[in-house]
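Work through the exercises below with the model open. Each task is followed by its solution.

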Amino acid sequence: AAIMEQVMVFLNKLAAKDLDGALAAVAEDFEHYDFRTKADLRAFLDDAIAAGYLDDIEIQTEDTEVKIDGDKAVVYPIDIVGMFGTVTLELVGEMRDSQYMLTTIDAFGI
């Protein structure tokens, strides 16, 4: 429940275009093969907001499952529907200071 709560904070803040609020759920050591760091993720999301990609998005979690392995949790699938079509997210969180924080994100369908 704790990881899903953190994921929903991230997604709902993102939908509200509140990047500071969304990125509060992202670990400082966030890594991604494309965005690389938390700062790069922020730059990508800033660009997405400026381009209108986050306007009126819908977050679908009906089929979402959480799989926990030790201190790591994988949340998949989360569908984001918007003007761009549908993107499916896989979010990975790990324990940081007794709280799940997002450590990586994979997006399918971009």
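**Exercise 1: a charged pair**

The side chains of Glu 94 and Arg 96 meet in a salt bridge, with 3.4 Å from N to O. (A salt bridge is a side-chain nitrogen of Lys or Arg within 4 Å of a carboxyl oxygen of Asp or Glu.) This is a predicted model: local features need pLDDT of at least 70, side-chain atom pairs count only at pLDDT 80 or more, and totals for chains, interfaces and linings use all residues. Residues are numbered from 1 along each chain as its sequence is written, and side-chain values use heavy atoms, with hydrogens and water left out.

Task: classify the accessibility of Glu 94 and Arg 96.

Solution.
- Step 1: take the cut-offs. Buried is under 20% relative accessible area, exposed is over 50%, and partly exposed is in between (1.4 Å probe, protein chains only).
- Step 2: Glu 94 has 27%, so it is partly exposed.
- Step 3: Arg 96 has 25%, so it is partly exposed.

**Exercise 2: a link across the sequence**

Task: find which parts the salt bridge between Asp 55 and Lys 17 ties together.

Solution.
- Step 1: the side chains of Asp 55 and Lys 17 meet at 2.4 Å, N to O.
- Step 2: Asp 55 lies in the loop between helix 3 (38–50) and strand 1, and Lys 17 in the loop between helix 1 (2–15) and helix 2 (19–23), so the pair joins parts 38 residues apart in sequence. (Helices, H or I with at least four residues, and strands, E with at least two, are DSSP runs numbered from the N terminus.)
- Step 3: Asp 55 is partly exposed at 32%. Lys 17 is partly exposed at 37%.
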